[in-house]
Amino acid sequence: MTTTPPPTPARAGVTAPPAAPAVQPGDLVPLPVDWERALAIVAHPDDLEYGAAGAVAAWSVAGKQVAYLLATRGEAGIDGMDPEQCAKVREAEQRDSAAIVGVTSVEFLDHPDGLIEYGPRLRRDLAAAIRRHRPHLVLTFNHHDTWPGPRWNTPDHRATGRAALDAIGDAGNRHLFADLGLPPWNGVRYAAVAGSPHATHAVDITATLEVAIASLEAHRAYLDGLGPGNWMADARGLLTTMAEQAGQRFGGRPAVAFELLLT
Ligand SMILES: [Zn+2]
């Protein structure tokens, strides 16, 4: 809650300053909740667990349906593991981590990890999924060149995020990918981008931070593969810090920040 400071007593001839607005410039505002189904589209196992899963858990608790769609199985993500074996391990870890936040629909498209190409094939696959799932909200991962910070983003995230945003329009155009045999879907109202350097909205995860941590910790082989001392392997520390940082712009409540785009 924002506390409004007491007004400064007016001196003779001086007008008292207006009361502080409830929302300050740069504050995050609550993500809309007037939707029922979401489809989360990301490149890799673990992308959703590095932040967004806390919001997914909150949505599950609220009775919303969320499905996961991953462009790859993350087979190139563990340095010391053969890609074929890695794909199996990471698929299993992703299904476990999804179940922890109430998600049972998890699909993989088998685009090549590390070499996802933006283009018609990816847009087609994502548009097909949108037509099948008929979501009102599409959740995706940072499609910008950089992370907040800034640090350089990876090509898979850029390609998948941009294709996901583009596929929302593709899914609604009956003349695109008509051979899929799926009716167009124009029901997506919102696109929420996690990990964006241009966050505008947030979801309160006070009640779901612990399950979000458990959801990331379910990626055990991946986290172990990062090696000792890697800050990305500290699920509790990382997610708690992220929630606190978003919370500094959200009335002090632990939160997941999103860039919200209207579609
Ligand atoms: Zn990733």
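Two strands pair if DSSP finds at least two bridges between them. Strands (E, at least two residues) and helices (H or I, at least four) are DSSP runs, numbered from the N terminus. This is a predicted model: local features need pLDDT of at least 70, side-chain atom pairs count only at pLDDT 80 or more, and totals for chains, interfaces and linings use all residues. Residues are numbered from 1 along each chain as its sequence is written.

**The sheet**

Eight strands form an open sheet with mixed pairing. Their order is β1-β7-β8-β6-β5-β2-β3-β4. The edge strands, β1 (29-30) and β4 (106-108), each pair on one side only.

Take β2 (residues 37-42). Five of its six residues are buried (20 or more other C-beta atoms within 10 Å of their own, with C-beta atoms placed from the backbone). Therefore β2 is largely enclosed by the rest of the structure. The table gives its pairings.

| β3 (residues 65-70) | parallel | six | V42 and L70 |

**The helices**

Two packed helices are described by the angle between their axes and the distance between the axes. Helix α1 (residues 53-61) packs on helix α5 (residues 209-217) at about 125°, with axes 8 Å apart. Axes are lines fitted to C-alpha atoms, for helices over the stretch in contact; angles run from 0 to 180 degrees between N-to-C directions. A53, G54 and A57 of α1 meet L209, V211, A212, S215 and L216 of α5 (contact: C-beta atoms, placed from the backbone, within 7 Å).

Definitions and conventions:
Contact = placed C-beta atoms within 7 Å. Buried ≥ 20, exposed ≤ 12 C-beta atoms within 10 Å, placed from the backbone.
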